[in-house]
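Here is a short note to go with your first look at this structure. Please open it alongside the points below.

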Amino acid sequence: MANEITIIDDFGQKFGLSIMTDDTQLKQLDNATFEDLVYLIKYLKNGIKKTDAELKSRLDNGAQFKHISYGESNKQSLAQDDEALKKAFVKKYGWQAVEVKTPTKLKKEFGEAIQEDLDKVVVHETQNRVKYD
C-alpha cells in the first residue's frame, strides 16, 4: 500500500501497518520476523501511551490544537458504598444484584485482619502471561 505508515527496525526491515491488520500476512511471517514485529509494537505502544499522557496534560493545562480537543461523554455508575441502596437491590433482586469486592479491595478497606477469612475462600488460578526478555 502506498503512503502508509511503516515501522523500520534496527536492521532496516520494514513493517507496514497493513501487515499488522491483515491476518493472512501475519500468519505468513516466520517466527523470527514475527518476534521482531512484536517487539517493535511493544515499544510503539509505550511511545503511544506517553504521547497520549502528554496530550492530556497539555489539554488539561489549556493548550489548544487545531484538530484536537476534549469532548464530553457520560458515564453511568451506582453509588457503590450506599448501604441502603445495596439492601434495597438485594431485597428486590436477590444477591445477584450485588458483587463482592476483589481480595485486594477488601484488604484495602478492612486491613490485613480480613486475610484469615480470605484464605478460606480465595481461588488461585494460573495464567499465561507474555514475557519479554
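1. Accessible areas here come from the Shrake-Rupley method with a 1.4 Å probe, and for residues only the protein chains shown count as cover. On that basis, the accessible surface of the chain is about 12600 Å², and 51% of it belongs to carbon and sulfur atoms.

2. Please keep in mind that this is a predicted model, where local features need pLDDT of at least 70, side-chain atom pairs count only at pLDDT 80 or more, and totals for chains, interfaces and linings use all residues. Residues are numbered from 1 along each chain as its sequence is written, and side-chain values use heavy atoms, with hydrogens and water left out.

3. The chain holds six helices and two strands, in the order β-β-α-α-α-α-α-α along the sequence. Helices (H or I, at least four residues) and strands (E, at least two) are DSSP runs, numbered from the N terminus.

4. How does the overall size look? The radius of gyration of the chain is 24 Å, whereas a compact globule of 133 residues would have one near 14 Å. This radius is taken over C-alpha atoms, and the globule rule is 2.2 Å times the number of residues to the power 0.38. The C-alpha atoms fill a box of roughly 60 × 45 × 30 Å along the principal axes.

5. Of the 133 residues, 10% count as buried, meaning under 20% relative accessible area (1.4 Å probe, protein chains only). Thr33, in helix α3 (residues 31-60), counts as buried because its relative accessibility is 13%. Leaving out residues up to four places away in sequence, Thr33 touches Gln13 and Phe15, where contact means heavy atoms within 4.5 Å.

How values were computed: Buried means under 20% relative accessible area, exposed over 50%, partly exposed in between (1.4 Å probe, protein chains only).
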